Amino acid sequence: MNTEETPARWEGLPSWLLGQTANHAHRLVGDGFSSVGARGYHYRLLATLEEHGPASQAALGRRSGIHLSDMVATINELADRGLVERAPDPSDRRRNIISLTSAGARQLRRLEKRLAECQDELLAPLSPEERQRLAELLSKLLVHHNRRTGAPEERWR
């Protein structure tokens, strides 16, 4: 057997196929964001702020799925670029409220465009109908497993 061939025993397993495809997706999206000087956390944070509005770091972490230890670094990176602003929370001066700036909204549009290009590259062999069906099936799997593990569903929708 050629050592570079995938053993037939597992090459058709859905779990293996999902994992291998996820590796390609991660690489494509990572490279896509990197090509415009961004990271996945930047997109997630900017998109969360646009969808839900200004929030504390803790709330942003819960909504975006970014761990608090990574949240501070991500906010610092975005604040240094003028994409988000920090302001003291009027109801609790010990806490900051993070807001999206107009430059941040423009960057989000650039990232969304790049993300769409990555999705097209990843899903190139699929028709629009197949892409929709794949998304539906993956969503169904994710909701099922999130319910089993107690993961918050709203974060995954």
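Predicted model: local features only at pLDDT ≥ 70, side-chain atom pairs only at ≥ 80, totals over all residues.
Me: What does the side chain of Arg39 meet in a salt bridge?

Reply: General idea: side chains of opposite charge can pair when their charged atoms come close. Here the partner is Glu77, at 3.0 Å from N to O. Glu77 is partly exposed too, at 30% relative accessibility.

Me: Which parts does the pair of Glu77 and Arg39 tie together?

Reply: Place each residue on its element. Glu77 lies in helix H5, residues 68-80. Arg39 sits in the loop between helix H2 (14-34) and helix H3 (40-52). The pair therefore links parts that are 38 residues apart in sequence.

Me: How many salt bridges does the count come to?

Reply: Nine. One of them joins Arg94 and Asp92, with N to O at 3.0 Å. Arg94 is exposed, with a relative accessible area of 77%.

Me: Where are Glu117 and Arg114 in helix H6, and how many residues apart?

Reply: Helix H6 covers residues 102-122. Glu117 and Arg114 are three residues apart there, so about one helical turn separates them. Their side chains form a salt bridge, with the closest N and O atoms 2.7 Å apart. Glu117 is partly exposed, at 35% relative accessible area.

Me: Which residues do salt bridges with shared partners join into one network?

Reply: Follow the shared partners. They join Glu50, Arg109 and Glu112 into one network.

Methods: Residues numbered from 1 in each chain as written. Heavy atoms only, no water. Salt bridge = Lys/Arg side-chain N within 4 Å of Asp/Glu carboxyl O. Helix = DSSP H or I, 4+ residues; strand = E, 2+ residues; numbered from the N terminus. Buried < 20%, exposed > 50% of the residue type's maximum accessible area, 1.4 Å probe, protein only.
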